[in-house]
Amino acid sequence: MKSMNRRKFMQSLFLLTAIAALPKLAFARAVPAFSSSTVDDVLKQLLGDMPIEVSDKIVFKIPEIAENGAVVPVSVSTKIEGVDRIYLLVDNNPNPLSAVFEISGRTLPDISTRVKVGESSMARAVVRANGRAYMTSKEVKVTIGGCGG
Amino acid sequence: MAKVKIRGKVREGVASIKSLMPHPMETGSRRDAQGNMIPAHYIETVICECNGEQVIRAQWGPSVSKDPYFAFKVSGAASGDVIKITWVDNKGETSSGELTLK
Amino acid sequence: MVLSLLFASGFVQAGADEDRAAFREFYEQRFPNVELKQHINGAYALDAGRRAQWIEMEEFPPYEFTIDDGDSLYHEPFRNGSDYSSCFAGGGAVKQWYPQFVAGEIVTLEVAINQCREKNDEPALAYDGVEMAQLMTYMAYVSRDKVIDVSVPGEAVTAYERGKQFYYSRRGQLNFSCSQCHMQIVGMSLRSETLSASLGHVTHWPTYRFKWQEVGVLHRRFAECNEQVGSEALAFQHPAYRELEYFLTVMSNGLPINGPASRK
């Protein structure tokens with residue numbers, strides 16, 4: 001299954017190159033990190049040995065108690081300068097890495113999306129800027145629905 | 001599948017873009033009513049362009065929610081600029097949407 | 001206070017207007033800090049945390065695609081060249097006037113849609129089908145902000161009373177009535193759910209339930225709710241559900257349509 005996914009991914013990357021003239025910048029391949037099943041592994045794949053500093057300069061919005069784990073609104077923004085990557089992780093998901101955002105010079109480090117949170121978990125927003133990494137985390141509780149669900 | 005929906009506003013050179021893309025975002029670990037595994041089918045890459053210049057690229061795993069919502073902000077934008085959002089999924093399928101900023 | 005006890009326990013033989021006044025008074029007393037109209041947002045009127053998430057969803061709600069689908073369906077001409085505008089005025093902005101009591105039966109908007117199709121030699125849509133949900137979503141959307149105005153003429157009183165009786169009757173293995181959850185213990189938690197008021201219940205349908213990951217019509221929720229108390233789920237547009245919808249809509253007279261909506 002894993003090698004099939006990797007092959008399919010390579011195929012779509014080729015397609016991607018064909019349809020969008022990508023600048024020849026060496027964006028780090030986040031792909032392998034999506035298959036990692038632990039937070040440590042994900043962070044190692046994404047950032048190597050780069051130390052990760054816990055930061056209060058990242059505004060990470062995610063509900064404390066998710067209404068429905070299938071659709072949890074999340075947003076990350078920061079005043080840290082020189083951001084080129086924002087990573088979203090949900091620790092207890094089978095594969096903690098949820099999304100990677102590659103920020104260009106023109107894009108503000110300010111993104112919003114909706115993610116699945118399979119069970120109550122720590123969620124993390126990691127920001128890479130000027131060769132350094134910063135992180136903040138929040139706990140998200142997911143409850144079993146009442147009325148039989 | 002329906003196209004990517006995009007909404008956007010420009011204020012003081014910053015375009016605030018919101019998008020909604022129809023997609024099942026199947027993780028590959030669900031079963032259907034007959035008990036068969038539903039294969040993974042999810043958007044892997046999203047490319048956002050402003051007047052043809054890539055401004056943000058996202059790489060997603062299947063834990064992004066169904067019919068993904070994606071909002072971002074681009075500086076140096078002006079009325080008349082064209083925002084284009086394109087996605088490619090793990091099956092190689094693709095779709096896009098465009099918005100001309102007012 | 002006495003009135004609300006009577007309400008909770010059984011049947012008050014009063015006219016529809018008096019029923020509605022008492023219904024409203026009940027929720028006003030129970031939630032003195034919530035403006036009655038806010039109950040159209042259900043549990044979001046009662047819980048700040050949920051409300052915040054709902055507001056985020058409203059930034060770009062998931063039912064938008066369904067509105068577009070319904071828009072296409074609504075404007076597609078019938079084979080005879082006519083279309084829904086021959087049956088519904090204002091581009092479809094009519095939801096606030098349904099259900100109606102016509103020719104001895106309760107006609108909900110879904111039934112009216114199929115009557116329109118029949119009149120134009122088109123096959124009926126399944127009440128539990130996707131197309132009906134899409135059409136209803138579009139029509140709710142164009143009816144937004146219109147104030148609900150449903151009357152109970154003399155010949156409709158029996159049907160109205162049956163709907164009211166359904167609402168207050170216990171059913172199922174859990175032996176719950178609608179009124180027990182949505183009046184007696186309204187606002188409280190049933191496991192992790194916050195029970196919403198029946199006032200304003202019908203205004204926001206069809207609804208995109210995250211649980212369903214799609215838009216569903218009101219009767220889908222009736223059926224689901226019945227199942228959840230261990231009672232028989234009836235078919236969509238079963239007379240009992242139409243009567244219940246009729247009763248609930250009359251109780252919500254004066255409130256604005258705010259469908260389609262997203263909910264947990």
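Biologist: In what sense do strand E6 of chain A and E6(B) pair, and over how many bridges?

Modeller: This is a predicted model. In it, strand E6 of chain A, residues 97–103, and E6(B) pair in the antiparallel sense over five bridges.

Biologist: What makes that a pairing of strands?

Modeller: Two strands pair if DSSP finds at least two bridges between them. One of the partners can be named: A:Val100 has B:Gln59 as its bridge partner in E6(B).

Biologist: How many residues does each chain bring to the contact of chain B with chain A?

Modeller: Chain B brings 30 residues and chain A brings 36 residues. On the chain B side, strands E5 (43–50), E6 (53–60), E7 (69–74) and E8 (82–89) each supply at least two residues. E6(B) gives the most, with seven residues. By class, the side of chain B that touches chain A has 14 nonpolar, 13 polar and three charged residues.

Biologist: Turn to chain C. Why is C:Tyr98 called buried?

Modeller: The cut-off is 20 or more other C-beta atoms within 10 Å. C:Tyr98 has 21 C-beta neighbours inside 10 Å, so it counts as buried. It lies in the loop between helix H4 (64–75) and strand E1 (100–102) of chain C.

Biologist: Which residues is C:Tyr98 in contact with, leaving aside neighbours within four places in sequence?

Modeller: C:Thr108, C:Leu109 and C:Ala112. As for C:Glu110, its C-alpha is 9.4 Å from that of C:Tyr98, and the two are twelve residues apart in sequence.

Biologist: Which residues of H5(C) are buried?

Modeller: Helix H5 of chain C spans residues 109–119, and its buried residues are C:Leu109, C:Glu110, C:Ala112, C:Ile113 and C:Asn114. Their cover includes strand E2 (105–107) and helix H6 (130–142) of chain C.

Biologist: Why are H5(C) and H6(C) called roughly perpendicular?

Modeller: They pack at an angle of about 110°, with their axes 11 Å apart. Angles of 65 to 115 degrees count as roughly perpendicular. The angle of about 110° falls in that range, and therefore the two helices are roughly perpendicular to each other.

Biologist: Which residues make the contact of H5(C) with H6(C)?

Modeller: From H5(C), C:Leu109, C:Glu110 and C:Ile113; from H6(C), C:Met132, C:Leu135, C:Met136 and C:Met139. By class, that is six nonpolar, no polar and one charged.

Conventions
Residues are numbered from 1 along each chain as its sequence is written. Chains are lettered from A and ligands numbered from 1 in the order in which they are written. This is a predicted model: local features need pLDDT of at least 70, side-chain atom pairs count only at pLDDT 80 or more; totals for chains, interfaces and linings use all residues. Two residues are in contact if their C-beta atoms, placed from the backbone, lie within 7 Å. Helices (H or I, at least four residues) and strands (E, at least two) are DSSP runs, numbered from the N terminus. Ala, Val, Leu, Ile, Met, Phe, Trp, Tyr, Cys and Pro count as nonpolar, Asp, Glu, Lys and Arg as charged, and the others, Gly among them, as polar. A residue is buried if 20 or more other C-beta atoms lie within 10 Å of its own, exposed if 12 or fewer, and partly exposed in between; C-beta atoms are placed from the backbone. Axes are lines fitted to C-alpha atoms, for helices over the stretch in contact, and angles run from 0 to 180 degrees between N-to-C directions. Angles under 35 degrees count as roughly parallel, over 145 as roughly antiparallel, 65 to 115 as roughly perpendicular and the rest as oblique.
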